[in-house]
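Work through the exercises below with the structure open beside you. Try each task before reading its solution.

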Amino acid sequence: MTSCDRFDELRSIIKETKFGLLVSRNKDGHLHSRAMSPASHQGLVFSFIANEDSGKFDELDHDDHVNISFSDPSSTDWASVAGKARVTKDEKTIKELWNPLTKSWFGDLKDGVHTGEPGDPRIAIIQVVPDEVSTSSDPPDLL
């Protein structure tokens with residue numbers, strides 16, 4: 001399978017699944033996964049809107065290596081993306097990726113600052129730049 005075919009399959013699976021599991025590692029070496037929906041996957045950079053008050057940011061500070069996995073519930077198709085995460089609080093990027101549903105993930109704390117809207121200091125973007133992509137069409141790994 002060519003890289004181009006693999007990326008096309010990855011895009012197809014993401015389109016069907018909507019959510020992926022973002023896996024990070026804490027300072028004790030334990031892996032943590034959480035369901036997240038990419039706000040964008042322009043090119044092959046995945047962007048997730050996230051609450052900076054969550055523990056995943058401590059994990060990313062410790063180790064920026066992550067994995068995102070996707071599985072199409074209507075088939076046996078899957079994709080796995082290994083890469084490095086970086087965090088940005090760039091207001092322009094947040095405004096570009098924000099949508100009205102995003103507000104419900106944060107909630108309005110009624111203090112005029114923590115509104116769940118762009119400008120809320122809790123909002124950050126996790127961007128994952130892939131190093132490796134594998135899909136269900138890849139040959140099986142040998143143990």
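Two strands pair if DSSP finds at least two bridges between them. Strands (E, at least two residues) and helices (H or I, at least four) are DSSP runs, numbered from the N terminus. The model is predicted: local features need pLDDT of at least 70 and side-chain atom pairs count only at pLDDT 80 or more, while totals for chains, interfaces and linings use all residues. Residues are numbered from 1 along each chain as its sequence is written, and side-chain values use heavy atoms, with hydrogens and water left out.

**Exercise 1. Find the order of the strands in the open sheet.**

Step 1. Seven strands, paired antiparallel, follow the order S2-S1-S5-S6-S7-S4-S3.

Step 2. Look at the edges: S2 (31-36) and S3 (40-42) each have a single partner strand, so one side of each has no neighbour in the sheet.

Step 3. Histidine 41 stands opposite phenylalanine 46 in S4.

**Exercise 2. State which residues touch the most other members of the largest nonpolar core.**

Step 1. Such a core is a set of buried Ala, Val, Leu, Ile, Met, Phe, Trp, Tyr and Cys residues joined through side-chain atoms within 4.5 Å. Buried means under 20% relative accessible area, exposed over 50%, and partly exposed in between (1.4 Å probe, protein chains only).

Step 2. Among the 20 residues of the largest core, the answer is Leu10, Phe46, Ile68, Ile126 and Val128.

Step 3. S7 supplies the largest share of this core, four residues.

Step 4. Now list the contacts (heavy atoms within 4.5 Å) of leucine 10. Leaving aside neighbours within four places in sequence, they include Phe46, Phe70, Val81 and Val133.

**Exercise 3. Is serine 80 buried or exposed, and which side chain does its own side chain meet in a polar contact?**

Step 1. Serine 80 lies in strand S6.

Step 2. Its relative accessible area is 19%, so serine 80 is buried.

Step 3. A polar contact is a pair of N or O atoms within 3.5 Å; within protein, one must be able to donate a hydrogen and the other to accept it, and residues adjacent in sequence count only if both atoms are side-chain atoms. The side chain of serine 80 makes one with the side chain of asparagine 67, at 3.0 Å.

**Exercise 4. Describe the phi and the accessibility of lysine 110.**

Step 1. Lysine 110 is in the loop between helix H4 (102-106) and S7.

Step 2. Although not a glycine, lysine 110 has a positive phi of about 60°. Most residues other than glycine have a negative phi.

Step 3. Lysine 110 counts as exposed, because its relative accessibility is 70%.

Methods:
Contact means heavy atoms within 4.5 Å.
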